[in-house]
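Visitor: I would like a close look at a single part of this protein. Please keep to what the model itself shows.

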Amino acid sequence: MVQHKPNPSRLALVALAGSLLATATIFVSFIHVPLVEVTGHGIGSTLWRNSLRCLGYMGPILIGLPPTFWAERRLRRGIHDELWTEAELDRVRTLVQKPFWRWFSFGLIAVCLFLFVFRQGFNLGFFIGMLIYPSQVAMRIRQLVTPAEAPKILLREWQSSKPIHSEHWGEVRQDGDTSIA
């Protein structure tokens, strides 16, 4: 069986689409999901009663996260194994360096803050975490495809320099001040 080389642009799009699908959980929260009729008491019946809500809230997350993680892992492995040329990776760079991802997340956070103010019982922390997820995925992909710069050497050849030596260490100053200037 012949193994085909994956397309880095397609992998980046799959990762970003999965993150957007996981973010769709926020929009499911606007829909009224009815409770299932249950006879009985206890945690089992409570979970069954809220099963449609759990499925509605967790469904997009459970469907969106695996493709995102899979595509990021394949992209990371392909870059590490140098499967692609710089021209192929340039297309991915232009895709993830667009300011759209940042503005998209800011817009969703503004919607979330609006809902927090005007809708009672809105869980702000979870939703903000989910709303910035597409931006985080775009930043991780940007870090993967951006070539690392060589670190700047601040102290060149510091091992060959002589140790610091002073004839006056520990002595009191002429003006009587022992503090460090």
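Which residues in the largest nonpolar core touch the most other members?

Guide: They are Leu-16, Leu-75, Val-137 and Ile-141, out of 17 residues in that core. A nonpolar core here is a set of buried Ala, Val, Leu, Ile, Met, Phe, Trp, Tyr and Cys residues joined through side-chain atoms within 4.5 Å; buried means under 20% relative accessible area, with a 1.4 Å probe and protein chains only. This is a predicted model, in which local features need pLDDT of at least 70 and side-chain atom pairs count only at pLDDT 80 or more, while totals for chains, interfaces and linings use all residues. Residues are numbered from 1 along each chain as its sequence is written, and side-chain values use heavy atoms, without hydrogens or water.

At least two core residues come from each of helices H1 (8–23), H4 (51–80), H5 (86–96) and H8 (133–145); helices are DSSP runs of H or I, at least four residues long, numbered from the N terminus. H8 gives the largest share, 6 residues. Ile-141 is in contact (heavy atoms within 4.5 Å) with Ala-12, Ala-15, Leu-16, Leu-75, Val-92 and Val-96, leaving aside its neighbours within four places in sequence. Another core, of 8 residues, lies apart from this one and includes Ala-22, Ile-26, Cys-112 and Met-130.

As for confidence, pLDDT is the predictor's score for each residue, from 0 to 100. The protein averages 78, and 72% of the residues score at least 70. Confidence is highest in H1, at a mean of 91, and lowest in helix H3 (residues 43–49), at 67. Where pLDDT is low, the predicted coordinates should not be read in detail.

Methods
Buried means under 20% relative accessible area, exposed over 50%, partly exposed in between (1.4 Å probe, protein chains only).
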